[in-house]
Amino acid sequence: MFQAIVIRKTESGGHDAQVTALDEAQLPEGDVTVRVEYSTVNYKDGLAITGKAPVIRKYPMVPGIDLAGTVEASGDPEWKPGDHVVLNGWGVGEGHFGGLAQRARVKGGWLVPLPAPLTTRRAMAIGTAGYTAMLCVLALEKHGVRPGDGEVLVTGASGGVGSVAVALLSKLGHRVIASTGRAAESDYLRSLGAAEVIDRAQLSAPGKPLGKERWAGAVDSVGSHTLANVCATTRYRGAVAACGLAQGMDLPASVAPFILRAVTLYGIDSVMAPRPLRLEAWSRLARDLDPAKLEAMTQEITLAGAIPAAADILAGKVRGRLVVNVAR
Ligand code: NDP
């Protein structure tokens, strides 16, 4: 038997999440069984656990879109007992039992090896949010945004994606401008490497099709008017990597930045990202994310603690990253 968060539909059609004991026989099909050591609470896990958006595709479900742990049994020749592995996305925690449990059974092709010198805890302190931040950084790099080209903006900066993006971009030598609604986190954002902190209200209201050119590149985890305004203020031939919807799923923008300033908008998806891109992202995270900054943005919680944390992350109350020690 092992402990897991299980989400069930209630008789009244509601949604209930509780720590429950499960038998290994209840795990779904898969060729690799993993002893999960750490998982996380990402924004999407917040939506899944609270039921605020239809993230869960079948019930009962174990949430947790990512996990890190040690292989216990494997029918996949690529993996053997004792291997340390990381999993992000692939519909895990949505349509297939996820990482907020002490065991998981998954497809071997979904796993990536834990890259040295990361531990399973550090990998989940990074989690899907941090891996997505790296996918955004890679998109900007491949576009040709280089340190010294100009200011790079990060929106939703105090959140998980934002905190990791600020730390990564500043370590790589960019001048990072952090946009946040939490002025009280300015010192925190500067400690991660932000050169300047701006109030997100400057970007969140309906704006003009074009504004003063400022950003050589941007990482946006917010969407809606913020993303429209970020595109409208990106410099000629600059690039924006869009990965989130914390303000909204809409994009009330005009084509002006794209056809008059040759701005490029990159869509970033972590869930179905191909394996070579995942391997590149994880090896870069192992190299380019300062472990002390990662620790400073991370809070460890218990498996049961992930349930109240789900509401907190949706309320914008979580700073940085939550790592879940599933053994506690
Ligand atoms: P967090 O909740 O940790 O961070 C989101 C941040 O957005 C908040 O901390 C806050 O930052 C800001 N924010 C919240 N509400 C609003 C609002 N109404 N208007 C403007 N800003 C707001 O979430 P994550 O970092 O885990 O995820 C960020 C986004 O990225 C989510 O939408 C998530 O779904 C998405 N995502 C997408 C992935 C993909 O594959 N495309 C993968 C991972 C995440 P502050 O307080 O600093 O203003």
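Which residue forms a salt bridge with Lys44? The views below get to that pair, starting with the ligand.

This is a predicted model, so local features need pLDDT of at least 70, side-chain atom pairs count only at pLDDT 80 or more, and totals for chains, interfaces and linings use all residues. Residues are numbered from 1 along each chain as its sequence is written, and side-chain values use heavy atoms, with hydrogens and water left out.

**View 1. Who surrounds the ligand.** Count the neighbours and you get 25 residues around the ligand, with Val161, Thr180, Gly181, Arg182 and Ser270 the closest (to be near, a residue needs a heavy atom within 4 Å of the molecule). Sort this shell by type and you find ten nonpolar, twelve polar and three charged residues (Ala, Val, Leu, Ile, Met, Phe, Trp, Tyr, Cys and Pro count as nonpolar, Asp, Glu, Lys and Arg as charged, and the others, Gly among them, as polar). Helix 2 gives the largest share of the shell, three residues (helices are DSSP runs of H or I with at least four residues, strands are E runs of at least two, and both are numbered from the N terminus).

View 2. An N or O atom in the Ser270 side chain sits 2.7 Å from a ligand oxygen. For Ile268, a backbone N or O atom is 2.8 Å from a ligand nitrogen.

**View 3. The Lys44 salt bridge.** Lys44 pairs with Glu94, and their closest N and O atoms are 2.9 Å apart (a salt bridge is a side-chain nitrogen of Lys or Arg within 4 Å of a carboxyl oxygen of Asp or Glu). The pair links distant parts of the chain, 50 residues apart: Lys44 is in helix 1 (residues 43-50), while Glu94 is in the loop between strand 5 (84-88) and strand 6 (103-106). By this rule, the count comes to 20 salt bridges.

**View 4. Two cis peptide bonds.** From Tyr59 to Pro60 the peptide bond is cis, with omega near -10 degrees. Pro60 belongs to the loop between helix 1 and strand 4 (66-74). Another cis bond runs from Ala116 to Pro117, with omega near 5 degrees.

**View 5. Positive phi without glycine.** Trp90 is not a glycine, yet its phi is positive, about 60 degrees. Look for Trp90 in the loop between strand 5 and strand 6.

Conventions: A polar contact is a pair of N or O atoms within 3.5 Å; within protein, one must be able to donate a hydrogen and the other to accept it, and residues adjacent in sequence count only if both atoms are side-chain atoms.
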